[in-house]
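Visitor: I'm new to this one. Could you walk me through a few features and how to read them?

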Amino acid sequence: MPGLDETNNESYRYLRSVGNTWQYNVEDLHPKMLSRLYKRFDTFDLDSDEKMEMEEVLYWPDRMRQLVNATDEQVEKMREAVRVFFFNKGVDPVNGLKREDWVEANRVFAEAERDRERRGEPSMIALLSNAYYDVLDDDGDGTVDVDELKTMMKAFDVPQEAAYTFFEKADTDKSGKLERQELVHLFRKFWMEPYDPQWDGVYAYKY
């Protein structure tokens, strides 16, 4: 069965354009990371048809609108960040992304992110994280606290107690507030880097 390559996946296309010949190998993936990624897919696949559609992922910024006092401009910024992020993750605007291709799409996206970082190019993870950060920072102080983080957990249908475990892991400078880069760093560690058991409890073991 044909998989993903530069003809049907934006991250493979990017890698080949910069001379990176990386290729996915399922044997390189820890079973717990495999399970984590499939659970994540099932959260996004709202109609359980084993295909992730762009409209399904755009449900999440709309859900944020219901939970916070976001402006239309902030919501549209979130929606555009979601579109760009998930397009680069393999969700085709017309054909979506099949469940059977989801894990490979994640891994090649992660490799593309590492290449972008090496080349000093903008991070897709940071693009998405910052769009949500701007909405989460309800009091406008430039940081996110535990209560604001609870909103994100509720928006993503994660137990709100996960805000405490997430915060503990993300707050690397122990300032009692999360700065932008701390949020990006944890997202990258949990979803993009090779499996590490120290991150297992970040989302209260939902993933």
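Visitor: Which residues does Thr165 touch, leaving out those up to four places away in sequence?

Guide: Keep in mind that this is a predicted model. Here, Thr165 touches Gly201, Val202, Tyr203 and Ala204. Thr165 itself sits in helix H9, residues 162–170.

Visitor: How far is Thr165 from Asp42?

Guide: You can count that along the chain or through space. The two are 123 residues apart in sequence, and their C-alpha atoms are 22 Å apart.

Visitor: What about backbone angles? What is phi for Ser48?

Guide: The thing to spot is a positive phi in a residue that isn't glycine. Ser48 has one, near 55 degrees. Look for Ser48 in the loop between H2 and S1. With 59% relative accessibility, Ser48 is exposed.

Visitor: And what is phi for Lys174?

Guide: Lys174 isn't a glycine either, and its phi is positive, about 55 degrees. You'll find Lys174 in the loop between H9 and helix H10 (180–191). Its relative accessibility is 58%, so Lys174 counts as exposed.

Visitor: Let's finish with charge. Which residues gather in a patch of negative charge on the surface?

Guide: Asp47, Asp49, Glu50 and Glu100 do. To place one of them, go to the loop between helix H2 (31–44) and strand S1 (51–52), where Glu50 lies.

How values were computed: Residues are numbered from 1 along each chain as its sequence is written. This is a predicted model: local features need pLDDT of at least 70, side-chain atom pairs count only at pLDDT 80 or more; totals for chains, interfaces and linings use all residues. Side-chain values use heavy atoms; hydrogens and water are left out. Patches are made of residues with over 30% relative accessible area and no salt bridge: like charges are joined within 9 Å, nonpolar side chains (Val, Leu, Ile, Met, Phe, Trp, Tyr) within 5 Å. Accessible areas come from the Shrake-Rupley method with a 1.4 Å probe; for residues, only the protein chains shown count as cover. A salt bridge is a side-chain nitrogen of Lys or Arg within 4 Å of a carboxyl oxygen of Asp or Glu. Lys and Arg count as positive and Asp and Glu as negative; His and the chain ends are not counted. The place of a charge is taken as NZ of Lys, CZ of Arg, CG of Asp or CD of Glu. Helices (H or I, at least four residues) and strands (E, at least two) are DSSP runs, numbered from the N terminus. Contact means heavy atoms within 4.5 Å. Buried means under 20% relative accessible area, exposed over 50%, partly exposed in between (1.4 Å probe, protein chains only).
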